[in-house]
Amino acid sequence: MRLQQLIGLAVFDVENGRRVGKVSDILLGKDWTISGILLEGKRLFSPHLRAVPWNDIVAYGEDAVMIRNQQAIQVWNAENIQLTFLSGSGRIKELPILTADGSMIGCVSDVYFDREMGNTITGIEISDGFLSDLIEGRKKFPYIPEMTKGEHAIMVPANSEQKLLENAEFS
């Protein structure tokens with residue numbers, strides 16, 4: 001499953017079946033795991049966001065994300081959120097992926113995770129630009145523990161471009 005498939009899904013409280021919002025972004029941990037979701041609806045001029053930790057997500061599918069109850073929704077200060085997929089200063093979408101020897105692999109287009117592995121990220125979808133994506137398709141870069149998110153790029157070891165996979169090869 002891709003992170004972009006979660007964004008925009010309705011979020012429901014399974015205790016009473018109440019819709020509590022929509023997923024606006026995904027929270028990531030420094031260890032490249034999904035740590036939670038952000039709900040849309042930041043109040044104007046408020047530094048606080050509504051978030052649900054991953055442990056309080058009971059299930060997710062094509063149509064909705066199910067959380068334990070409304071007590072699972074926490075209010076977080078936006079300044080304390082370090083790493084997100086889509087928005088904020090810590091976002092990874094569209095960041096370039098650079099090797100330690102100075103080669104650019106591409107930019108983050110999406111992130112893959114495996115439902116059976118829980119919240120573990122398994123790989124990154126790479127874009128080389130609109131024309132290249134149309135002609136060659138997007139590539140996949142499998143998760144490697146040496147990946148680190150810097151201020152302006154995701155850094156990987158030298159010669160990591162050899163790990164790029166075509167669409168059909170990625171699972």
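With a relative accessibility of 31%, R91 counts as partly exposed. R91 forms a salt bridge with E94, and the closest N and O atoms of this pair are 3.6 Å apart. The model described here is predicted.

**Salt bridges**

- The count of salt bridges comes to five.
- D56 and R68 form a salt bridge in which the closest N and O atoms are 3.4 Å apart. This pair links distant parts of the chain, twelve residues apart: D56 lies in the loop between β4 (48-53) and β5 (57-60), and R68 lies in the loop between β6 (64-67) and β7 (74-77).
- R68 counts as partly exposed because its relative accessibility is 42%.
- E125 forms a salt bridge with R138, with 3.4 Å between the closest N and O atoms. Here too the pair links distant parts of the chain, 13 residues apart, with E125 in strand β10 (residues 121-127) and R138 in the loop between α2 and β11.
- E125 counts as buried, because its relative accessibility of 7% falls under the 20% cut-off. R138, at 32% relative accessibility, counts as partly exposed.

**Open sheet**

- An open sheet is formed by six strands with mixed pairing, in the order β11-β10-β9-β8-β13-β12. Its edge strands, β11 (139-142) and β12 (148-149), each pair on one side only.
- Strands β8 (residues 96-99) and β9 (residues 104-113) run antiparallel and are joined by three bridges.
- L98 stands opposite M104, which belongs to β9.

**Nonpolar surface patch**

- F130, L131, L134 and I135 make up a nonpolar patch on the surface, and together they have about 530 Å² of accessible area.
- F130 is part of helix α2, which covers residues 130-136.
- F130 counts as exposed because its relative accessibility, 64%, is over the 50% cut-off.

**Largest pocket**

- The largest pocket holds about 230 Å³ of space.
- The lining of the largest pocket comprises 17 residues, of which L38, L49, A78, S87 and G88 are the closest to its centre.
- β2 (18-28) and β3 (34-39) are the elements that give two or more residues to this lining.

Terms used:
Residues are numbered from 1 along each chain as its sequence is written. This is a predicted model: local features need pLDDT of at least 70, side-chain atom pairs count only at pLDDT 80 or more; totals for chains, interfaces and linings use all residues. Side-chain values use heavy atoms; hydrogens and water are left out. Patches are made of residues with over 30% relative accessible area and no salt bridge: like charges are joined within 9 Å, nonpolar side chains (Val, Leu, Ile, Met, Phe, Trp, Tyr) within 5 Å. Accessible areas come from the Shrake-Rupley method with a 1.4 Å probe; for residues, only the protein chains shown count as cover. A salt bridge is a side-chain nitrogen of Lys or Arg within 4 Å of a carboxyl oxygen of Asp or Glu. Helices (H or I, at least four residues) and strands (E, at least two) are DSSP runs, numbered from the N terminus. Buried means under 20% relative accessible area, exposed over 50%, partly exposed in between (1.4 Å probe, protein chains only). Two strands pair if DSSP finds at least two bridges between them. On a 1 Å grid over the protein atoms alone, a cavity is a set of points where a 1.4 Å probe fits but cannot get out, and a pocket is an open set with protein on both sides within 12 Å along at least five of seven lines; lining residues have an atom within 4 Å of a point. Grid points are joined across faces, edges and corners, and a volume is the space filled by probe spheres set on the points.
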